[in-house]
Amino acid sequence: MSQPVIRIATRKSPLAMWQAEYVKQRLEQIHGDITVELLPMSTKGDVILDTPLAKVGGKGLFVKELEVAMLEGRADIAVHSMKDVPVEFPEGLGLHVICEREDPRDAFVSNSYKSIDELPQGAIVGTSSLRRQCQLRALRPDLEIRDLRGNVGTRLAKLDNGDYDAIILAAAGLIRLELSSRIASFIEPEVSLPANGQGAVGIECRTDDEQVKSLLAPLEHQETRYRVLAERAMNTRLEGGCQVPIGAFAQIDGDQLSLRGLVGAPDGSQIIADSVVGNKQQAVELGEELAEKLLSQGAKAILDAVYK
Ligand SMILES: NCc1[nH]cc(CCC(=O)O)c1CC(=O)O
């Protein structure tokens, strides 16, 4: 039989390329006799990176072209940051593997200050995430939050340019790009909850492609899957889209999964936070249960106001 070939459709951003390269290397390590090729593509989302995403249709823009390539048989898999993966998949495609999670925390990045606590009154912090903004504002109402877009390198360049006193990024992206020396400090989940799925990479492929699915299977990481399933289930039940003031973070201890979640007003004036604990086998149910708890405490009104 001929040697199997897997073609990875990927965006061209450095982080996307790193993640595709990571999956390529792992596949080659595990299956000596395999050829893995990268198919870098430009997506609509990359072309309009400077437009506020909420206005142009959201993160789905980054995956559409990759999905079309898989459906047309030009590529076999796509590698995604789990926090950017929409809830629904096109017919014929599914997220079949979740890899081991990198550090899920947010990182505080600054050339002048070591932590949020050290920031002087009225300091300017860059982030375009409503989740980061609302938790930061609740903690430090004096800070001025300014929009910050672009890929990781662009964001760091804007900080270095003096546009901000500090910026907040996902630690995982910096670590993967060997930029962890830029992390002034990690923001603990107790201070600011990460986004659902942050730090985890998932692999999408054709649902009926049994050969590819069995080649991918060894990359699956059970514990990460339970955690991300719980976090995503919470978001799904809250009908959280991609640009939402929602944080979710699951941890596992033995068979026990604990999940914390919050919904906040973007200006930080209101934050609803709660948690649930249960068996990890019930990850999805736990996520839904936590969403119900948050909804019963008023999360719906906050989210409706954001989507309006
Ligand atoms: N929204 C963009 C995005 N998608 C995934 C990551 C980082 C890596 C990850 O969370 O796995 C980032 C950058 C950031 O938020 O700083």
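Colleague: Which domains does the domain assignment of the chain give?

Modeller: This is a predicted model. The assignment gives domain 1 (5-99 + 200-220), domain 2 (106-187) and domain 3 (230-307). Between the C-alpha centres of domain 1 and domain 2 there are 28 Å.

Colleague: What makes the contact of domain 1 and domain 2?

Modeller: Residues are in contact if their C-beta atoms lie within 7 Å. Six residues from domain 1 and eight residues from domain 2 take part. On the side of domain 1 that touches domain 2, four residues are nonpolar, one is polar and one is charged.

Colleague: Which residues surround the ligand?

Modeller: Ser81, Lys83, Asp84, Val152, Leu169, Ala170, Ala172, Gly173, Gln198 and Gly199 surround the ligand. Strand 8 (166-170) and helix 7 (171-176) are the elements that each give two or more residues to this shell. Domain 1 and domain 2 each supply at least three residues to the shell.

Colleague: How is the shell around the ligand made up by class?

Modeller: The shell has four nonpolar, four polar and two charged residues. Glycine counts as polar, so Gly173 and Gly199 of the shell belong to the polar class.

Colleague: Why are strand 11 and strand 12 said to pair?

Modeller: Pairing requires at least two bridges. Strand 11 (residues 246-253) and strand 12 (residues 256-264) have eight bridges in the antiparallel sense, and therefore they pair. Alanine 248 stands opposite glycine 261 in strand 12.

Colleague: What lies between strand 11 and strand 12 in the hairpin?

Modeller: Two residues lie between them, and glycine 254 in the turn has a positive phi of about 65°.

How values were computed
Residues numbered from 1 in each chain as written. Predicted model: local features only at pLDDT ≥ 70, side-chain atom pairs only at ≥ 80, totals over all residues. Near = placed C-beta within 6 Å. Helix = DSSP H or I, 4+ residues; strand = E, 2+ residues; numbered from the N terminus. Domains from an automatic or database assignment. Contact = placed C-beta atoms within 7 Å.
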